[in-house]
Every structure is written in C-alpha cells, then in structure tokens.
Amino acid sequence: MDLSSQLLQLLFSGLTLGSIYSLIALALVATYNITGVLNLAQGEFVALGALLAASIYAAGLPLAAAFLVSVALIAALGALIERSVIYPARESSALTLIIITVGLSISLRGLALLVWGTEPVSLPAFSSGGPLLLGGAFVNPQTLWILGMAAATTSGLYIFFELTYTGKAVRACVINRTAALLIGINPGTISLLAFAGSGAIGAAAGIFITPVTLATYDMGFMLGVKGFVAAAIGGMHNIRGAVLGGFILGILEVYSAGLISSGLKDAVALIVLLAALMLRPEGLLAISGRKV
Amino acid sequence: MKKKRVLTGIIAAIISAGLLLSGCAGSKETLKTGDGGEPYKIGAVIDVSGSSSSLGVPEKNTLQMLADKVNAAGGINGHLLELIILDNKSDETEAVLAVKKLINQEKVLAVLGCSSSGPSMSMIDTVQKEKVPMISLAASSTIVEPVQERQWVFKTAQSDIVTINKLMSYLKEKGLTSVALLYMNNAYGDGGRAAFTAAAQANGVKIVVEEKFEATDKDMTPQLTRVKTSGAQAAVVWAIPPSASIITKNFKDLNMGIPLLHSHGVGNQNFIDLAQGAADGVILPIGKLIVADQIPDSDPQQEVLNRYIEEYSQKYNSPPNSFGGYAWDGFYLLVNAIEKVGADRAAIRDTLENTRGYSGVSGMFNLSASDHNGLHEDSMVMVQVENGKWKLLK
C-alpha cells in the first residue's frame, strides 16, 4: 500500500467518523441555542435509536420501517424528556440544567442496560455488495450512506433555519426570548421541537452507523463527548461550525492514529480542543465580538 | 419553592434508578431436609450483573443446574448440597464483601468464583487468611501464581499463557514468523500483549508492528492501514466484541490478504453473527466445547462435553459456552473432593491439589502443588470460522 492510497484510505475513514461527530455536534448546538440547555444525554439518543431499531428489525419489520419507527419513538422520547424534566426546571441556572442532563444520561444508559444487556447488537448493511475500490482505497458502501445522511441532514436543517417560518421563529428565540414571546412565538413549543428534533437526529445517526460499528448500551457516552468536543471546536453558536468541527476532529484522529501512532489518537483530539479554546474560544466560524 | 421541589424530584428519580440497577443481590436456596446429616454448604461469588454479566449468567445457570441434579440424586453421601450464589455486580469491593459473608455468616466449606480476573484477585487475601478453598473461573494466571502465596486458590479457566502457546505453535507450524499485534487498550488487551510479546521472543516470532485501540472505538481502519504497509504475514488481535467485531469487519473491507488470528475472547456464536460474514476465515485457539461435534471419539473429553451440551440445552433452551464450562469443572472438582473427604476445609484443599486426570469441559485437569490450574496446551484446539460455523483445524 503506497502513501497516497494510504492517505486516501485514512481520509475516507476520517470522513466517516467526522460525519458521526458532526451530526451529534449539530444536534447539541441546535438544542443549546434554542433552549440554553447543553444536553449531555445527546449520545444516549444515538445508542437508544440504534438498539431500538435493531430490536424492531429482529422482530421482523423491514429495515426502512425499523428506521422510521425507531426515529419516531426516540423523537417522542426527546419530547417526553423535555416536558417531564427540562420544562419544569426551565427557570433554573444553566449549571442545574446541565446536571439534570447528566442524570438523564446515566438513567437512560441504565435503562438500556436493563433492556438490552451488555451484548452488542447489529443491523444489516443498507446496500449489499463488497467494498468499492476508489483510487487505491477500499470504501465500505455503508460509509457512503453515512456521508449522504450527514449531508442531507445538514442541508435540511440549513433550509429549515434559513427559509422556513418555524425555522426563523427558532432563531428568533435564540436571539431574544422575551422579544420572541412579544411577537407571538411560544418558546415552550420551540423547546419541545428542539428536543424532539435532536432525538430524531441522534437516533438516525445511530441507526446509520450500526451496520459498521455495532450498537451497545454504552456507546452513547463516548460519542456524546466527541460530539461536544466537535461543537466546542466549531463554536457553540454555529451549526456550520459544529459540522466543520466534527469533520476536523474525525480527520485529525484518523491521521494521527494512522500516520503517527494509535496511542496518540485521543491526545490529539484534546490538544486541538485546548488550542481551539485558547486561541479562538468563540469557535472557528463565529462572528467575532458576538455574545449571547 | 416550586423549583426546589422539581429538582429534588429529579434527584430522587435518578437515585432510585441507580438503586434499581444495583439491586437484586443474588439468590439463596435453603434446604433443611435430607436423609443424612447436615447439608454441605458451598458458596459462589459470580459476576451475574454488571460488565462481566455475559460470563456470569451462564456460570450461574450451570451451577444452579448441577446443584439441583446432585440433590435430586440424593446429595453427596446422603448430605444435601446447599449452594449459595451471590452476585458481585462485576465489582472488586462487592466480591470481597460477598466472600466474607459466605465465610463468616454462612460458614461455607469452599467458594467458587469469580467470573473475571479482577474480582477473583480481590478475594484471594480473605480466603488465604480464613483458610477456605477457592476455585476461580477466570483467566489470568496471576490468580494462582505464585503458588506459595495461593495455597488455597485454584482455577478452572485456561491461563492466558496456555492460549498463547497454542497460538504460537500454530504460527510456527505455518511459517508465519513476522506478525502484527493489535490489542484493545484495557486489562484484557494489555495482558494478552505482555504474554504474547514474551512468547514471541521465546519462539523466534517477530512482531513487526504493534497497534492498540480503545474498547469504544468505532473504526480501526487507521491501525489496519499501518499493518498493511508493515509487510506482516499475519495479524493477531487481542480483543473482545464489540471492538473485536468492528476490527474484523474493517479487516475484510480493506482486503488485507493475510490470515487474521483472534484470541479466545471472541469464542461465541454472537461474534460470528455480528460480523455478518466478515468472520469467515478467522482463526483462534479455544476450548473444545464449541467444536464438540467435530473432535475425534478417542478424545477423553468427548463424553463430558456432550453431556454438558445436552443437559444445559435441555434446561435453558440455548447451547452452553466455555464460561459455563469453567463453572461445571469448578463444581465437579469441588463436589468430588467433598465426596471423598467430607466437611473438612483443609482436607478438601489437599484433595483438590492432588486431583489427577479429571476430564472436564475445559480440558484434562492434572493439578499439583506447583500448578493450581492443571490445564495444558492439549486442552485447546485451533478453530477457523467457515460459512458462519466453527470448524476444527487439524
């Protein structure tokens, strides 16, 4: 394997990891900006979505149906959590809300352990056929599905925020909650929407990666942490920044593991996070001087 | 103070969820009737819940099944057997508390357990001090070594070094002298790496590249591209699922073109199912249980393997695995010793140490004062996955 095809192979690997991190970062940033809650249970939505879809598929439903049912159920779970836990505590401090989401994360992980146990589960690949050979690198077709899903979700959200009335209402809530309330936008509804939406995005991401990575009850925690790092690199207020942060993190991890040493992988991610926080604490794509 | 009430409610909910998870501390069977004298009490500390539960559950099932069988047949020399199984929740501290309870309150004759190496190690001090025989079901060789400090401790699972020697002989036989070693970054992977490195040096096998990955990693392509550029003749992976399954899939996607050898950590059907075809061709050393239908009739273990498979499948509607096999062997080593010498801890220990030629599920046990495991390379076989099935390699 020569260097150029090795670099290309690693790039595909980095893009796959990066798109998973991007989706989680994106859901984190969207919820954070709409509700002010940094939802550290976001990773659990990924795990629960994947486990649920695997169970539904094992029960005999076709893959597409398992996907839709699981995404809908996790979106409902997100909404339920928002109504039962976040909404009643909405006047609390940011710290209290973060601690609530930590508790949620532990509870959901415990629930998943009770229901699914410790053995990993899997889903079949979305399209059959072996790996494709692209310019000397082998690419699993599922990688293309993951990349496609990340692209579709990102552009869908972009259109939603920029072009739809509801999307603009959401952004209004982010900019000034009181003013939004005065012009007839209900921040409570928007908050509910945000949690349902991040549940759906998390579940979808989990289901798309399961054919490659398998699903376990404890997969969410690490993914949540990496998603948070990606969001912090890109800036907590910017959806495009979060997506960019995810890809930067994924590609850096893979290149440091593949070209230098596999032991360095997580260290590099943390060094980049520290550098980003010190040199550009507002995030890579933030408009400088803006404060929320 | 509505806010405060809400917060208190949330905290209470979280705590109660935690309690729910850590609860259910095991089962106890009380038997007071018997034809003969007092029942014989033996204890077991098993990882029934927590991270090692996939090991502990088949072990608990096996012990329960065997205790019922012994009692249905009238017990041991007319004494019924009272088996007390406690759950250590895969935790060292819980294991120590459980073993102290078994010894001080229940006054058991001997202790079986634990399922994994960490909790087993944590019980050693107590059983050594109290002079109670203990039979561990875990892999690490340090559980029974140095044997001068472990007079009361025995174990039934093959030690890491037995597995690695089996693997080494295979590599040498096939002329695969430059290999890549990939291992997961935890106690299991590190233990395998240390033992493999030492054995490779002794056998003239060269490790040309060494890579590690986290148990939670989702993609091992980077590590494998390094293996691909290193010119290794074979790759040896020391890991358990799910990371062992992911690396197996990546290995196939990358079209590596060299043999892939795993440790016995992937030795169950679930590994093959999860890899969805990518496991075909994988080679590993493992106990004979999963290929019991393929071993020759002349094998001294064949009878016990078939008996275990039949009895377990009948009772639990699923095939047994090698972890349950460790429990089977521990149970019978102990019951045979009690049958011979009765309720005397020191005599039970001496009898265990002098057990020779006991044909168990995990192998032919030949224990001695210097070897408290008693299993050798002949207890393992090399198997290969073929069309989603385990196949014995000659």
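Predicted model: local features only at pLDDT ≥ 70, side-chain atom pairs only at ≥ 80, totals over all residues.
Residues are numbered from 1 along each chain as its sequence is written, with chains lettered from A and ligands numbered from 1 in the order in which they are written. Local features need pLDDT of at least 70 and side-chain atom pairs count only at pLDDT 80 or more, while totals for chains, interfaces and linings use all residues.

**View 1. The two domains of chain B.** Chain B is divided into domain 1 (26-159 + 305-376) and domain 2 (161-290 + 380-392), with bounds that come from an automatic or database domain assignment. Their C-alpha centres lie 30 Å apart. Look for 14 residues of domain 1 in contact with 11 residues of domain 2; contact here puts the C-beta atoms, placed from the backbone, within 7 Å. On the domain 1 side of chain B there are 4 nonpolar, 10 polar and no charged residues. In this grouping Ala, Val, Leu, Ile, Met, Phe, Trp, Tyr, Cys and Pro count as nonpolar, Asp, Glu, Lys and Arg as charged, and the others, Gly among them, as polar.

**View 2. The largest nonpolar core.** Such a core joins buried Ala, Val, Leu, Ile, Met, Phe, Trp, Tyr and Cys residues through C-beta atoms within 7 Å. Buried means 20 or more other C-beta atoms within 10 Å of a residue's own, exposed 12 or fewer, and partly exposed in between. Of the 213 residues here, A:Leu51, B:Val111 and B:Ala235 touch the most other members. Helix H1 (residues 3-35) of chain A gives the largest share, 16 residues. Both domains of chain B contribute residues too, so this core lies between them. Beyond its neighbours within four places in sequence, B:Val111 has contacts that include B:Gly43, B:Leu102 and B:Met134.

**View 3. Where chain A meets chain B.** The contact takes 41 residues from chain A and 34 residues from chain B. Elements of chain B that give two or more residues include helix H2 (53-72) and strand E8 (206-213); helices (H or I, at least four residues) and strands (E, at least two) are DSSP runs, numbered from the N terminus. By class, the chain B side has 13 nonpolar, 12 polar and 9 charged residues.

View 4. B:Val304, B:Leu305, B:Tyr308 and B:Tyr312 are the buried residues of H10(B). They cover an arc of only 100° around the axis (taken from the directions from the axis to the C-beta atoms), which puts them on the same side of H10(B). The face turned away carries exposed residues, among them B:Glu303 and B:Arg307. After H10(B) comes B:Asn317, with a positive phi near 55°.

Key
Contact = placed C-beta atoms within 7 Å.
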